[in-house]
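User: I would like a close look at one part of this model. Please keep to one helix and its surroundings.

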Amino acid sequence: MKCLFLTSSPGYGHTRAAEAIDAALRCRYPDIETQYLDITSLIDPQVSEAIQGGYLRMTAEQPDLYQKLYDLDKNFYRQLAGKIPADNALIEFLAQQQQQFFPEAVERSHFTLPVSYKSLDSALFNTLINSICNREKIPAGRLLLQGLLGLIYNILASRLKKFVNEYAPDFLIATQMYPNALLARSIEKGAITQPVIGVLTDYGTHGLWVRNTTSLYCVSHDEAAESLRRKGIAEDRICVTGIPLMPAFTNIPTQIKAQQDLGLNQQPTILITGGQCGIGVLDTVKRLLDDESLNYQVLVTTSNNTAEKKVLKALALDYPSRFRVFGWCDDISHLICAADVVIGKPGGLTVSETLACGRPFIATCCLGGQEMHNVQFLRERGAGLLVELDQLPQTLREIFSNAERLGDMKRNAYRLGRPNSARELVVEVERILRKKEMAYLEEVSLGEL
C-alpha cells in the first residue's frame, strides 16, 4: 500500500501533521510505502524562494494585505486578476519582492518584457508582477492578467497530476489547502482516481478547502465540522479527529517527571516557542528575563535561525538558573509537560500539542488568518489568551498568583486535547478505502452480469 502526503511551505506544521499520520499508519501497516510532496518543490527554486519569502514578509510587515489574501477579499483578488487597478500598498509590496529576488526584471517606468529568463516559472512570475504593477500601461492588461493566472494554475495542476500518476499511490492525504485545490480539476476529469483525504491543521476552516473532489475532511473540532457543513460539505464526508499528533502525546509524563528528565528545577515554568521560523521568540525571552520580579524558570525551543540561536545561547549563559535553551522539537512533549504555561505563535499544531498536554497557551503574536481562528478557539474555551508583549509580565503574574485560575485553564486545555487524533484519522482512512474497494467490486460484479 502506498500513500502520498501533500504539503506546502513555508511553515512546518503541515509536514508535522503528515509525519504524525505516517507514524500511525506504520503502526497498522508496517510495510506501507509513503512519500511527501511539498508543492513548492514543483516550482523553479528561485521563484519558490520569492513566494515563500513574500508570504513571511507579508505576515510580518503587511498584516492587512495578508488578511485580505486569507479572507479571499473580493477587491484584493480583483486587483490580482486585473479587473481593477492595484492599490499602492500591493504595488509597493510586489515591487520590493521582485527587487529582492529578481532585480534584473524590475520595471520602473514602462512595461517591457525582459529578453530572457532562467526558466518558464521566472518568466511567468515576473510578467505577472509587472502586469499587476503596470496594468494601466499595458494594452489589454486585464485580459493578460487573467490569462496568466489561468496558465499558472494549469501548469502547477499539470505538474502535480504528473507526479501523482508517476508515483501511483493508493490514496492521497493533503494537509494544506493549496495542493488539495490543485487536485480538483484532474479528479473531475478522471485523470486522478485515488481518494483524497483533506486534513485541516487549524481550528477554523477556509473556503479554499471546499471541493467536491475531496473524499473526506478530517477536522480539529465540532465547530470546524459545522463550518464545512454550512459551506455545503455532506455530513458523511466530515470527521472530527483532532489535529494529528505524534505518538509521544499518547503517553505524556507528569510535570515532575518531565522536569526531572530534563534536569530542571521543580518551580513555576514557562515554555516559549515560535515554530520553525522562531517568530517572536527573542523579543518574548528578553521581555521576561529583563523583569526580575518574575521568578520563573524559562525554557525556549530554538528555530532554524542561526543568528537567533547564538543570541539565545548567550542569554542562557547570563541567566543559568532562570533560562534554558533546547533544540527545536527536541522532546517537545516533555518540554510542554515540564511547563505550566506555553507562550508563542499560535500555529495549529503547536496549539494542539499544548492542549494534548493539558497546558494553557498564551499567544504574544498572531499573524491573522488561520492563527486568529486558533486564538479565538482558545479564548472562548478558557484555555488560552492573546496578550500584547508589553502586557505579558503582568498577565503571568496574575495567572501564577491565582492557583485556581491556572488550574481551571489547565483542566480546560486537557479536556480539549486529542492525543489519539492520528490513530482516529487512520481509522477513517481505512473506512474510505473499504468504501472504494466495495464500490469497485460492485462495479466488477455488475460488469459480469
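Which strands does helix H9 (residues 222–230) lie across?

Analyst: Helix H9 lies across strand S5 (216–219) and S6, and runs at about 170° to S6. Helices (H or I, at least four residues) and strands (E, at least two) are DSSP runs, numbered from the N terminus. Angles run from 0 to 180 degrees between N-to-C directions of axes, which are lines fitted to C-alpha atoms, for helices over the stretch in contact. Contact means heavy atoms within 4.5 Å.

This is a predicted model, where local features need pLDDT of at least 70, side-chain atom pairs count only at pLDDT 80 or more, and totals for chains, interfaces and linings use all residues. Residues are numbered from 1 along each chain as its sequence is written, and side-chain values use heavy atoms, leaving out hydrogens and water.

Now the sheet. S5 and S6 belong to an open sheet of six strands, ordered S2-S1-S3-S4-S5-S6, with parallel pairing. Two strands pair if DSSP finds at least two bridges between them. S2 (33–38) and S6 (238–240) are the edge strands; each has a single partner, so one side of each is left without a neighbour in the sheet. Neighbouring strands of this sheet are turned by 20° against each other on average, direction ignored.

At the S2 end, six bridges join S1 (residues 2–7) to S2, and the two run parallel. Cys-3 has Thr-34 as its bridge partner in S2. The peptide bond from Ser-9 to Pro-10 is cis, with omega near 0°. Another loop, between helix H7 (141–167) and strand S3 (171–174), holds Ala-168. Ala-168 is not a glycine, yet has a positive phi of about 55°.

Back to H9 and its pocket. The second largest pocket has a volume of about 190 Å³. Of its 13 lining residues, Tyr-203, Gly-204, His-221, Glu-223 and His-373 are the closest to its centre. H9 and helix H15 (370–380) each supply at least two residues of this lining. By class, the lining has three nonpolar, six polar and four charged residues. Ala, Val, Leu, Ile, Met, Phe, Trp, Tyr, Cys and Pro count as nonpolar, Asp, Glu, Lys and Arg as charged, and the others, Gly among them, as polar.

A pocket here is an open set of points on a 1 Å grid over the protein atoms alone, where a 1.4 Å probe fits, with protein on both sides within 12 Å along at least five of seven lines; lining residues have an atom within 4 Å of a point. Points are joined across faces, edges and corners, and a volume is the space filled by probe spheres set on them.
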